[in-house]
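Open the model in your viewer and keep the selection panel at hand.

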Amino acid sequence: MQVLQSRGEDMDEQNEALKKYLYENFPVHEIQAEALFSHRGELEKANAAYSYLNEAGVADEEISLEILALDRTQETEKYFREEFGYINIMAPAGEGAETQPENIVIFLEKSFPYFSVTSSLLFVELNVMRGIAAKDVQEGSTKYLEYRSHVEFLKEYRERLKELNLE
């Protein structure tokens, strides 16, 4: 397994780099929490507050999330497959399921490197792409263990994508 090193960003800058990567490589746009099923924004804030990445102990009411939506296109279709952990959390635009938009939602915390994605495949890809700091590798930290598991998950996902002729 090849371990990537940190790309030189401070921890607080990692999500800004991740956001830039998403805008450069995917059809994403910013959305407001109101576009999601009720209380989903608050749930994500609580998840961020209780994350091991929240080393400063920021309370959930102090969490500031930027929310991006990734559009469903032919190129992004693989991320929308349920077998790769896609869940739709967009609120219905009107009556009936046919009016419900389909987007992958990406939550980025603004002050520490927490992010969440409603597609396991994309979440794992982004975690592996982001890499890991040499310090975490040396210490065998939780971040390193998580990174290693994501490298293995990504290998398995890619094998399945090849079987499905999606990669």
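Start by selecting Leu22, Leu70, Ile104, Ile106, Leu122 and Leu126: these touch the most other members of the largest nonpolar core, which has 27 residues. A nonpolar core here is a set of buried Ala, Val, Leu, Ile, Met, Phe, Trp, Tyr and Cys residues joined through side-chain atoms within 4.5 Å. Buried means under 20% relative accessible area, exposed over 50%, and partly exposed in between, with a 1.4 Å probe and protein chains only.

Now colour by element: α1 (14-25), β2, β3, β4, α3 and α5 (142-163) each supply at least two residues of this core. Helix α3 gives the most, with six residues. Helices (H or I, at least four residues) and strands (E, at least two) are DSSP runs, numbered from the N terminus. For a second, separate core of 16 residues, select some of its members, including Ile31, Ala49, Phe107 and Phe112.

Before going further, note that this is a predicted model, in which local features need pLDDT of at least 70, side-chain atom pairs count only at pLDDT 80 or more, and totals for chains, interfaces and linings use all residues. Residues are numbered from 1 along each chain as its sequence is written, and side-chain values use heavy atoms, with hydrogens and water left out.

**The whole chain**

Zoom out to the cartoon. The protein chain has five helices and four strands, and along the sequence they follow the pattern α-β-α-β-β-β-α-α-α. Of its 167 residues, 42% count as buried. Among contacts between residues at least 6 apart in sequence, 69% join residues at least 24 apart; contact means heavy atoms within 4.5 Å.

**The sheet**

Select the four strands next. They form an open sheet in the order β1-β2-β3-β4, with antiparallel pairing; two strands pair if DSSP finds at least two bridges between them. β1 and β4 (115-117) stand at the edges with a single partner strand each, so one side of each is left without a neighbour in the sheet. Neighbouring strands are turned by 25° against each other on average, direction ignored. Axes, for this and later angles, are lines fitted to C-alpha atoms, for helices over the stretch in contact, and angles run from 0 to 180 degrees between N-to-C directions.

Go to β2 (residues 65-71). Six of its seven residues are buried, so the strand is largely enclosed by the rest of the structure. On one side, β1 (residues 28-31) pairs with β2 through four bridges in the antiparallel sense; pick Ile31 and you find Ile67 as its bridge partner in β2. Seven bridges join β2 to β3 (residues 103-109), again antiparallel. Here Ile67 has Phe107 as its partner in β3, and Leu65 stands opposite Glu109.

What is the burial of β3 itself? Seven of its seven residues are buried, so β3 is largely enclosed by the rest of the structure. In a regular strand the side chains alternate between the two faces of the sheet. Show the side chains: Asn103, Val105, Phe107 and Glu109 point one way, and Ile104, Ile106 and Leu108 the other way.

Centre on Ile104. Leaving out residues up to four places away in sequence, Ile104 touches Leu68, Ala69, Leu70, Tyr79, Phe80, Tyr86, Val117, Thr118, Ser119 and Leu122.

Follow the chain from β3 into β4: the two form a hairpin with five residues between them. Three bridges join these antiparallel strands, and Leu108 has Phe115 as its bridge partner in β4.

**The helices**

Select α3 (residues 120-130), which lies across β2, β3 and β4 and runs at about 145° to β4.

The axes of α1 and α3 come within 11 Å and cross at roughly 120°. The two helices are therefore oblique to each other: angles under 35 degrees count as roughly parallel, over 145 as roughly antiparallel, 65 to 115 as roughly perpendicular and the rest as oblique. At this contact, Gln14, Asn15, Leu18, Tyr21 and Leu22 in α1 meet Leu126, Met129 and Arg130 in α3.

The axes of α3 and α5 come within 9 Å and cross at roughly 130°, which makes α3 oblique to α5. The contact is made by Ser120, Leu121, Phe123, Val124, Glu125, Asn127 and Val128 of α3 and Tyr147, His150, Val151, Phe153, Leu154, Tyr157 and Leu161 of α5.
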